[in-house]
Amino acid sequence: GGNDKSKDTSDTIRQVSRLFNPVSKEHIYTADAHEIDVLINQKHWGNDEGVKWTGVNENSPTRDFPVYRVYNPYTGEHLFTQDHNEVSVLTSSYGWNDEGTCWYSSTTKNIPVYRLYNPYSGEHLFTADANEAGTLVSYGWNNEGVRWYGL
C-alpha cells in the first residue's frame, strides 16, 4: 500500500522487501517505502533484508489476484495470503485485523512465492528462493506450498 513510489521501478511494479525484527523474531513484507522508513529508520524495528520478489500494484493492467495482509493483535504476527476465505475466517472468527491488499500477484506466474511455517515458533516465512525453502524444510519447517507468484 501507500503512495510513496520510491521503491517502485515503474507505476505498475512493486518491489516487496522482507523486514526482520530480531527481538520478536517476526518477518514482515511490504512494498511500501514509507512503511520501511518508519519501521527501520524511525522506530528501529529491525533489519531490512532487501527485495525478495517483485509484484504488481493496483494500476497494473497485468494484475492477477490481490495479496492480503492480516494482523494478529494477540501475537503481533502478520500473515499474507491470496485466499479471501482465509482472511474472512481469521478476521471474523479469530479477531485478526484485515490490513487490506498489499500488492498483486503476476498473471505471468513466473516466480513462485512459498509460504513456510515454523511449528516451534509459530512464525510464517515467505520466500521466492527455492533453496531457502528447502533448507528451512530440512530444519523442520512445514512447506505450505506456493501462495502467489511474483515477477
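View 1. Tyr 68 has Thr 81 as its bridge partner in β5, and Tyr 71 has His 78 as its bridge partner in β5. This is a predicted model, in which local features need pLDDT of at least 70 and side-chain atom pairs count only at pLDDT 80 or more, while totals for chains, interfaces and linings use all residues. Residues are numbered from 1 along each chain as its sequence is written, and side-chain values use heavy atoms, with hydrogens and water left out. Strand β4 (residues 63-71) and β5 run antiparallel and are joined by four bridges; strands are DSSP runs (E, at least two residues) numbered from the N terminus, and two strands pair if DSSP finds at least two bridges between them. The hairpin of β4 and β5 has six residues between the strands, and there Gly 76 takes a positive phi near 85°.

**View 2. The two faces of strand β5.** In a regular strand the side chains alternate between the two faces of the sheet. From β5 (residues 78-81), His 78 and Phe 80 point one way, whereas Leu 79 and Thr 81 point the other way, and all are buried (under 20% relative accessible area, with a 1.4 Å probe and protein chains only).

**View 3. Val 70 and strand β6.** β4 also pairs with strand β6 (residues 97-106), in the antiparallel sense and over six bridges, and Val 67 has Trp 103 as its bridge partner in β6. Val 70, which lies in strand β4, is buried, with a relative accessible area of 0%. Leaving aside neighbours within four places in sequence, Val 70 is in contact (heavy atoms within 4.5 Å) with residues including His 78, Leu 79, Leu 90 and Trp 96. The C-alpha atoms of Val 70 and Thr 101 are separated by 9.3 Å, although these residues are 31 residues apart along the chain.

**View 4. The largest pocket.** A pocket is an open set of points on a 1 Å grid over the protein atoms alone, where a 1.4 Å probe fits, with protein on both sides within 12 Å along at least five of seven lines, and lining residues have an atom within 4 Å of a point. The largest pocket has a volume of about 200 Å³, and its lining includes Gly 76, Glu 77 and His 78, together with Ser 24 and His 124.

**View 5. Confidence along the chain.** The mean pLDDT (the predictor's confidence in each residue, from 0 to 100) of the protein is 85, and 93% of its residues reach 70 or more. Over residues 1-9, pLDDT stays under 50.

Note on methods: Grid points are joined across faces, edges and corners, and a volume is the space filled by probe spheres set on the points. Buried means under 20% relative accessible area, exposed over 50%, partly exposed in between (1.4 Å probe, protein chains only).
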